[in-house]
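Welcome! Here is a short tour for anyone meeting this protein for the first time. Take a look at the sequence and the structure, then read on.

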Amino acid sequence: MRAMSQSAHACGKMVIVTSKIHSLLTRVRTYPRQTAIIAGSAIVGLTLFGLVLVNQTRVVDFSYDGAACVNRLTVMPHLYGSTDDSSYRLDFKGLIGPDSWPLLSKQTCVEPIAQPIEGTTSLAIVMKGLNLPVGAVSVKVPAAPRAQTTDFIDKAISTTRPLEVSLSSPDRIHNYNFEVDEQSVACQPGDSLISCDITKLDLEQGKRYEAALLRSFKDQTPIQIARGELETLTPLEIVESSIESGHKHFDVPTEYRFKFSRQLDDQPKVQVVQTGVENAADIAIETTATGEELLVKLTQPLPREAKFEIRLLDIVGRDGSTLAEPKIYTIETSGGPSVAGVSVGKSSVSPGSLIVVTFDQPLAESIDVAKFARSTGVASVVRRHSANQISFQLQGGGLCAGFSLQVDKGLTSGSNSEVSRDAWKYDSRIVCGTSAVIGYSVRGRPIVAHYFGSGATTILFTGGIHGNELSSVQTMQGWVDYLYANAHQLPANRKVVVVPNLNPDGIAAGSRNNANNVNLGRNYPTANWQARIETASGTLEHGGGTSPGSEPETKAILALTRQLRPRLEVSFHSQGRLVGANKYADSVSIGNTYAATVGYSTMFYNAEAVMGYAMTGEYEDWMGEEMGIPAILIELPSHYGNYASYQLPALLKMVAI
Ligand SMILES: [Zn+2]
């Protein structure tokens, strides 16, 4: 209603103006000469009026934001401009009249051609073509905007986001460039800031760089307005995860959790991919970032017996930090249960043992394990031992008896739906020997004999009669270990007895003699026994003992030897790569066999000359004198080391003698 009435009002005015113009034109046609005078006067008048207006000096407050204008009337503005050498170009705005011939401008604006200089500059207005100054405007230029250097100097900045530097006022006049080391990137103006896309600079995280901010006007040489060291944010780190790389899932995983060193931005980029399969589709997941935590939910189950990668590809912190590089966890899923281990070795199982077989995952509770597992060779009772274990309770078992444990396929997992596809079988053997304490040392240490085989003919081996000859004990212990596992291979008519350590006190103390300072190798009741003995370093008054066979260690082995009445005795000493013999029965021939097998020298008739001192009350001599038994003596290459595997061929020959 209101708009309509205004329009009607304007229409009425228009009618009056039209009738007035009509009457004026009628008069002009009637009085041509007067008309010319009036028109001329009007033009001169307008020009003078215009000049008066042009002459009004006004101050233009220059702004770096762009427009720098002042309200000021200019008649026929197209007539005016600035001088060619001015630093500013004049621009008349708010024009009234035809575009090609505006009669009036309401605003006078300046646009810098050269770098604006702080302060007030007078800009002459001239009539175009005449270069005739007809007026001026003052351009008042404030100080150039200052950059907030603390936005990047000595501040940890993100390498993945544009760097924003605040300005003290908006600036669309200058160009800004940000330089880091030798690289440079242009900055875009914003509201009282510039945004420099340093993501193009390929900066590393957790480093310090030399940086500078440069400003230029148009294509002029840039001026450095700030310089200093900037620091990039240290990379985002994973501080906790619910999964470790290399993990094998026996369960059915539903989610993974990761905790990072800083709060996370939204939309982390994560993939779970099956590997080793061509064109496998990604596993469907949902990711949620909450604070420092990333939750990866598997929205479909992982295929079984497959390998996967959990790829944390692009995780960004709220501060713009990222992982130094994508983190990849390799994981796999199991199939059905399979045996991971068994509690016994391939031999030396004690009769009546409880043998535990461990699976890689729990077995379904519904399984009756006794129907799936059994032993052969030695009877057993099969039971469930724990969620992922079954046990075989052996029902006795003869020495060296071989037996097998078996588990059928078809066992259902208790932690996933898979079923075992392979049967399992394990061969082992009951221990081949027994052991017994045959006596005690001066200090009460047990002297142990090990017994193998059940033949009528015994071969006796000893070591450690001299406590400084550790290799003899180690080698005999190695021989014992071998026999515990392999005695089933001994000839059927043989028994082997090994006493690895005849002088446990001396071995414990590292001393040649026993705890009574008696050389046990000189304490036997031989014809040549003496209390006073010779040694490598002179004579030892009671080195042979207080009487023949006075020492408890000697008593123990004497009793055993008398009881066993062995076919052959082999004692180990060190050091010298030598073989000696007691020269009873076929001892020299046996000694030669041993020496030839191991490549040692013999000292059958010159032992005292070789050793350099007289030897009395020796074990081997006693064996020959009292029992007529051949005995040989081996000097191993050094005091330390287990020579059992090297001696094995010779030891086995001795057993078969
Ligand atoms: Zn010795």
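Which pattern do the disulfides of the protein chain follow, with bonded cysteines counted along the chain? They follow the pattern 1-2, 3-4, 5-6. Please keep in mind that this is a predicted model.

**Disulfides**

- Cys 69 and Cys 109 are joined by a disulfide, with an S to S distance of 1.9 Å. This link is right-handed, with 105 degrees about the S-S bond. Cys 69 lies in strand E2 (residues 69–75) and Cys 109 in strand E5, so the pair ties together parts that are 40 residues apart in sequence.
- Another disulfide joins Cys 187 to Cys 196, S to S 2.1 Å. The torsion about its S-S bond is about 105 degrees, so this disulfide is right-handed. Cys 187 is buried, with a relative accessible area of 8%, and Cys 196 counts as buried at 0%.
- Cys 400 and Cys 432 form a disulfide with their sulfur atoms 1.7 Å apart. Here the torsion about the S-S bond is about 85 degrees, so the disulfide is right-handed. Cys 400 lies in the loop between strands E27 (389–394) and E28 (402–407), and Cys 432 in the loop between strands E29 (424–429) and E30 (433–440), so the pair ties together parts that are 32 residues apart in sequence.
- Cys 400 counts as buried at 13% relative accessibility, and Cys 432 counts as buried at 2%.

- Is His 466 buried or exposed? His 466 counts as buried, at 3% relative accessibility. Glu 469 is buried too, with a relative accessible area of 3%.

- Side chains of opposite charge can pair when their charged atoms come close.
- Arg 89 forms a salt bridge with Glu 111, the closest N and O atoms being 2.9 Å apart. Arg 89 lies in strand E4 (residues 88–96) and Glu 111 in strand E5 (residues 104–112), so the pair ties together parts that are 22 residues apart in sequence. Arg 89 is partly exposed at 39% relative accessibility, and Glu 111 is partly exposed at 34%.
- Glu 231 and Arg 208 meet through their side chains in a salt bridge of 3.2 Å, N to O. This pair links distant parts of the chain, with Glu 231 in strand E14 (residues 223–232) and Arg 208 in strand E13 (residues 208–217), 23 residues apart. Glu 231 counts as partly exposed at 30% relative accessibility, and Arg 208 is partly exposed at 43%.
- Glu 309 and Arg 311 meet in a salt bridge of 2.8 Å, N to O. Glu 309 counts as buried at 18% relative accessibility, while Arg 311 counts as partly exposed at 21%.
- Salt bridges that share partners join Asp 154, Arg 208, Glu 229 and Glu 231 into one network.

Terms used
Residues numbered from 1 in each chain as written. Predicted model: local features only at pLDDT ≥ 70, side-chain atom pairs only at ≥ 80, totals over all residues. Heavy atoms only, no water. Buried < 20%, exposed > 50% of the residue type's maximum accessible area, 1.4 Å probe, protein only. Salt bridge = Lys/Arg side-chain N within 4 Å of Asp/Glu carboxyl O. Helix = DSSP H or I, 4+ residues; strand = E, 2+ residues; numbered from the N terminus. Disulfide = S-S within 2.5 Å.
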